[in-house]
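Have the sequence and the coordinates open while reading.

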Amino acid sequence: MLTAYTARQAQLLDAHCDILLVGDSLGQVIYGLDSTLPVTAEMMIAHGAAVVRGSYHSLVVVDMPFGTYEGSKEQAFETASKIMAETGCAAVKLEGGQAMAETIHFLTNRGIPVMGHVGLTPQAVNVLGGYAARGRSQQEHDKIISDGQAVQDAGAFSVVLEGVIEPIAVSMTKALEIPVIGIGASADCDGQVLVTEDMLGMFERVPRFVKRYEDIASVIDKTVATYAEEVRKRTFPTKDQTYQPKK
Ligand code: KIV
């Protein structure tokens with residue numbers, strides 16, 4: 001599983017991924033915001049529809065943004081059904097464990113497949129006090145495990161487990177029947193997810209759990225420098241890129 005925010009990105013990832021996540025991380029990655037909190041349902045719908053248009057094989061999951069589902073299960077249904085109807089995605093993802101169980105139950109009983117998200121939940125950054133790994137105290141360890149169980153019992157078809165100490169990921173993956181998708185969790189999870197721009201090397205600073213498989217930022221920098229130089233020297237465009245009158 002990888003994130004995707006645009007149609008072309010989805011086309012490139014589709015053959016390799018089982019799931020494409022239109023994550024609310026688009027707030028930081030695409031819009032340059034400080035957190036996911038200002039992301040709106042309209043933003044998610046615009047990018048979700050683009051990703052659905054660019055994918056053929058992968059299951060497309062769209063994040064429910066902060067403030068659009070926590071108020072009540074009815075509010076969650078309204079947002080989730082709008083996202084599904086207007087994007088054509090197959091499922092939605094929402095953050096929270098036991099606190100969201102009733103909502104997940106309500107949605108899944110009304111035709112909305114839900115992926116849960118527990119552990120480090122970025123929409124709760126102001127309550128958690130930052131993005132540090134979770135579960136170092138026994139109390140928090142037990143709570144995260146119970147959150148995963150609650151999400152499964154409520155009917156979620158899968159759960160993202162983010163930013164936890166590895167033993168939690170190992171125990172949760174063993175305990176749950178639904179696939180546990182790790183990010184900053186463990187190689188023992190059933191699957192993995194990363195923000196595509198992070199793993200491609202678009203950013204210099206990434207969380208410790210990210211492996212930068214490429215250095216795309218340097219490729220772009222070099223390529224654009226060559227373009228700028230050729231434009232200034234007037235060696236671009238050449239005859240190959242210009243139209244001449246027909247003979
Ligand atoms: O918003 C997002 O991209 C996510 C993943 C990192 C799991 O929720």
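## Ligand site

A residue counts as near a molecule or strand if one of its heavy atoms lies within 4 Å of it. By that test, the residues around the ligand are Thr3, Leu21, Gly23, Asp24, Ser25, Asp63, Lys93, His117, Val160, Ile183, Val193 and Val195. This is a predicted model: local features need pLDDT of at least 70, side-chain atom pairs count only at pLDDT 80 or more, and totals for chains, interfaces and linings use all residues. Residues are numbered from 1 along each chain as its sequence is written, and side-chain values use heavy atoms, with hydrogens and water left out.

Ser25 places a side-chain N or O atom 2.5 Å from a ligand oxygen. For Lys93, the corresponding distance is 2.9 Å. For Asp24, a polar side-chain atom lies 3.0 Å from an oxygen atom of the ligand.

## H3 against H4

Helices (H or I, at least four residues) and strands (E, at least two) are DSSP runs, numbered from the N terminus. Axes are lines fitted to C-alpha atoms, for helices over the stretch in contact, and angles run from 0 to 180 degrees between N-to-C directions. The axes of H3 (residues 41–53) and H4 come within 8 Å and cross at roughly 35 degrees. The crossing is right-handed (near helix turned clockwise from the far one by less than a right angle; left-handed if anticlockwise).

Contact means heavy atoms within 4.5 Å. H3 brings Glu42, Met44, Ile45, Gly48, Ala49 and Val52; H4 brings Lys82, Ile83, Glu86 and Thr87. These divide into five nonpolar, two polar and three charged residues. Here Ala, Val, Leu, Ile, Met, Phe, Trp, Tyr, Cys and Pro count as nonpolar, Asp, Glu, Lys and Arg as charged, and the others, Gly among them, as polar.

Lys73, Glu74, Ala76, Phe77 and Ala80 of H4 touch Glu102, Thr103, Phe106 and Leu107 of H5. The classes are five nonpolar, one polar and three charged.

The axes of H5 and H7 (residues 138–154) come within 8 Å and cross at roughly 25 degrees. That makes H5 roughly parallel to H7. The crossing is right-handed. Ala101, Ile104, His105 and Thr108 in H5 meet Ala150, Val151 and Ala154 in H7. This contact has five nonpolar, two polar and no charged residues.

## Backbone after H10

Most residues other than glycine have a negative phi, and most peptide bonds are trans. Arg234, not a glycine, has a positive phi of about 60 degrees. Arg234 sits in the segment after H10. Pro237 lies in the segment after H10 (216–233). The peptide bond from Phe236 to Pro237 is cis, with omega near -5 degrees.

Technical notes: A polar contact is a pair of N or O atoms within 3.5 Å; within protein, one must be able to donate a hydrogen and the other to accept it, and residues adjacent in sequence count only if both atoms are side-chain atoms. Angles under 35 degrees count as roughly parallel, over 145 as roughly antiparallel, 65 to 115 as roughly perpendicular and the rest as oblique.
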